[in-house]
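I opened the model to look up a few things and kept short notes. The entries follow in the order I made them.

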Amino acid sequence: MNATPFEGTDVTAGASGWRARVVSAEDAAAAIPAGSTVYVGSACATPRTVVRALEDHPFEHLGMRLVHHLTDGVRNALSTGTNFEHRTLFVGAELADLVSRVQPHGVSVDYVPMSLTDLPASLRNGRVRIDAAVVQVTPPRDGLVSLGVSVDAAPAAIESAGLVVAEVNPAMPWTEGASTVPVDRIDLFVEVPGPVISYEHPGVGDVGERIAGYVARVIDDGATIQVGLGRIPTAVLAHLTQRRDLGIHSDVITDAVLDLVEAGIVTGTSKSVDVGAVVTSAAMGTQRLYDAIADNPRFQFRPIDEVQAGLAAQHRLVSVTQAFRVDLTGQVCVDALGGNLYGGLGAQVDFHRAAAQSPGGKAIVALASRQPDGSPAFVADLGPNEAVAIPRHEVRWVATEFGIVYLHGRSLRERTMALVELAHPDDREALLGAAKAAGLVPPDQKFRSRQQYPAAEERRVELKDGSVVLIRPTHTGDAPLLQDLFFRMRPEDVRTRFFRNLSSLTRNAAEHLTNVGYDSEMAFVAVRGERENEEVVGSAQYYVDADSGCADVAYMVDSAWQGRGLGRALNRIISDYAARHGVRAFTADVLVGNDAMLHVLTSGGDVEVRTANGIHELRVPTRALAEGESWIAS
């Protein structure tokens with residue numbers, strides 16, 4: 001995996017004479033003929049000086065096309081546009097207003113919807129034809145230069161181009177891995193001053209922090225992480241400070257990765273391949289990051305297609321993709337914002353698919369519930385400029401500031417309801433109406449919650465026999481799991497819960513027990529297993545009587561889980577929640593003979609009990625638990 005595309009090249013040939021090929025930026029630009037198609041190096045290694053020299057002499061370079069990915073500094077600094085046709089795989093901030101808008105000389109900025117991992121092969125086989133390549137490198141060393149902070153598709157471009165121009169930046173860090181190019185492969189050198197372009201993500205704000213927190217919840221110790229460009233994926237890394245032995249295998253790294261390396265959280269010791277190494281194709285950050293990666297074999301820089309090829313062997317791979325819009329069936333758009341082209345595919349689709357297929361992996365799509373213009377990020381149908389980057393059958397996890405859900409294997413109805421739950425509360429009613437009109441949910445489908453999913457109420461609880469369950473608030477989509485619980489229960493347990501002999505629990509009845517507003521109605525479930533494949537083993541619900549301020553409460557525990565303290569744990573957790581939300585007391589009816597539930601409800605003392613007609617009628621004060629108090633009896 002560490003071999004460069006130039007393996008076997010005699011690096012001494014022409015090495016000593018590279019200075020004879022040093023020219024000015026203007027002379028380098030003049031060497032590129034009119035009508036040429038030119039590959040331009042990417043990101044923080046954008047060769048600004050030569051590109052600006054080209055822009056300064058447009059009539060000497062008529063018909064020129066620039067091919068590139070994410071860049072910083074390819075726009076004409078002296079005008080409102082550009083003098084050349086740009087074919088870009090990524091629409092960044094500097095070119096967004098020029099996309100598909102014809103410039104004064106008939107030139108334009110056109111978006112190419114292509115995965116970055118496909119670009120090297122396309123350059124080599126000529127399907128993306130180039131005549132010249134302009135990149136930025138380190139000063140030569142032993143007959144080689146390093147591509148430094150931006151390897152990505154540059155090796156393939158250098159192989160394929162008839163003319164190669166390299167800016168030599170003395171501040172460019174020499175990176176290890178497969179980042180080197182023989183100096184003899186470069187035709188012209190242009191010396192430029194440092195520093196290397198720096199990049200810092202702007203802050204994500206409260207919404208982004210909440211999204212990042214939800215994403216971080218499903219990332220486990222020992223995971224190998226890829227985070228694409230975007231404020232939200234970067235923010236996720238800051239929420240992983242309590243994890244251990246994480247690994248990095250990514251298309252790009254930032255200062256946020258370095259923070260975790262320096263803190264000892266990223267060790268790479270649990271990786272399936274490239275153990276201990278941070279594998280990447282580019283770095284975008286500050287001088288602190290560039291100093292850390294310089295001559296450091298722990299950071300392995302490789303061409304983007306090699307980085308992608310290494311995904312298949314990586315277990316527990318986690319990919320975080322920032323999206324802009326998702327339809328109610330789960331189709332994901334990543335390259336249009338506000339109806340206009342923005343961003344690009346990058347390597348995200350490949351990483352997402354690899355994470356979905358990785359043993360123990362997690363493929364996560366993250367987005368704000370609303371776009372910057374205030375429009376909903378969730379829609380019944382994507383717009384004409386909002387292409388599907390990740391099809392619905394490949395979507396696993398989706399997160400917003402209102403929660404995180406798992407969609408794979410779910411029906412259209414279940415997906416719709418899960419995504420409505422992630423939408424902004426003010427958009428949910430309209431989305432539900434659109435879903436009904438589209439036939440995605442039944443006409444009588446309801447959705448009660450107008451609040452954020454209370455993730456802080458999730459608790460892992462160890463029961464008396466040492467088994468561990470997650471007790472969490474319900475989602476509307478938990479209804480099928482509650483139905484499964486019902487059908488596992490003994491007939492006598494069904495009767496004590498529902499006060500009659502029920503043979504089935506309908507979907508609507510199950511949704512009544514899970515589709516709650518998290519205020520005057522609340523429900524918890526106890527689950528076991530991975531989040532992607534949970535099994536409900538217990539539940540608790542309450543519904544407040546507005547007149548009395550009390551709430552009717554009911555519990556259901558899997559017959560096989562009775563006697564372990566699960567009923568008491570559910571009771572304590574829901575009582576604590578109720579007390580903190582203004583519910584004074586629970587009322588409950590318990591059949592005479594159901595001694596186990598009677599014991600659960602009366603164990604706290606100060607309980608009023610009235611027995612008549614074979615039913616115990618209870619009034620139980622709610623109680624918020626003290627800090628550190630156990631959820632179950634000792």
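Entry 1. Is the crossing in which α16 passes α17 left-handed or right-handed? I looked it up, and α16 passes α17 in a right-handed crossing. I note here that the model is a predicted one.

I then took the geometry of this pair. Two packed helices are described by the angle between their axes and by the distance between those axes. For helix α16 (residues 566–580) and helix α17 (residues 595–602), the axes come within 9 Å and cross at roughly 35°. On the α16 side I found Gly-567, Arg-568 and Asn-571 making the contact, and on the α17 side His-599, Val-600 and Leu-601. Sorted by class, the contact of α16 with α17 has two nonpolar, three polar and one charged residues.

Entry 2. I went to Val-592, which lies in the loop between β29 (585–591) and α17.

Entry 3. Next I traced an open sheet of seven strands. Its order is β4-β3-β2-β1-β5-β7-β10, and the pairing is parallel. The edges are β4 (109–111) and β10 (188–191); each has a single partner strand, so one side of each is left without a neighbour in the sheet. On average, neighbouring strands of this sheet are turned by 20° against each other, direction ignored.

Within the sheet I looked at one pair. Strand β1 (residues 37–40) and strand β5 (residues 132–137) pair in the parallel sense over three bridges. Val-38 has Ala-132 in β5 as its bridge partner. Helix α2 (residues 48–56) packs on the sheet and touches β1, β3 (85–88), β5, β7 (163–168) and β10. The direction of α2 makes about 120° with that of β7.

Entry 4. I noted 17 helices and 31 strands. The C-alpha trace spans about 105 × 50 × 35 Å along its principal axes. Of the 634 residues, 57% count as buried. The accessible surface comes to about 24,700 Å², and 49% of that belongs to carbon and sulfur atoms. Among contacts with a separation of 6 or more, residues 24 or more positions apart account for 69%.

Note on methods: Residues numbered from 1 in each chain as written. Predicted model: local features only at pLDDT ≥ 70, side-chain atom pairs only at ≥ 80, totals over all residues. Heavy atoms only, no water. Axes fitted to C-alpha atoms, helices over the stretch in contact; angles between N-to-C directions. Helix = DSSP H or I, 4+ residues; strand = E, 2+ residues; numbered from the N terminus. Left-handed = near helix turned anticlockwise from the far one by under 90°. Contact = heavy atoms within 4.5 Å. Nonpolar A, V, L, I, M, F, W, Y, C, P; charged D, E, K, R; others polar. Buried < 20%, exposed > 50% of the residue type's maximum accessible area, 1.4 Å probe, protein only. Areas by Shrake-Rupley, 256 points an atom, 1.4 Å probe, with all protein chains shown as cover. Pairing = 2+ DSSP bridges.
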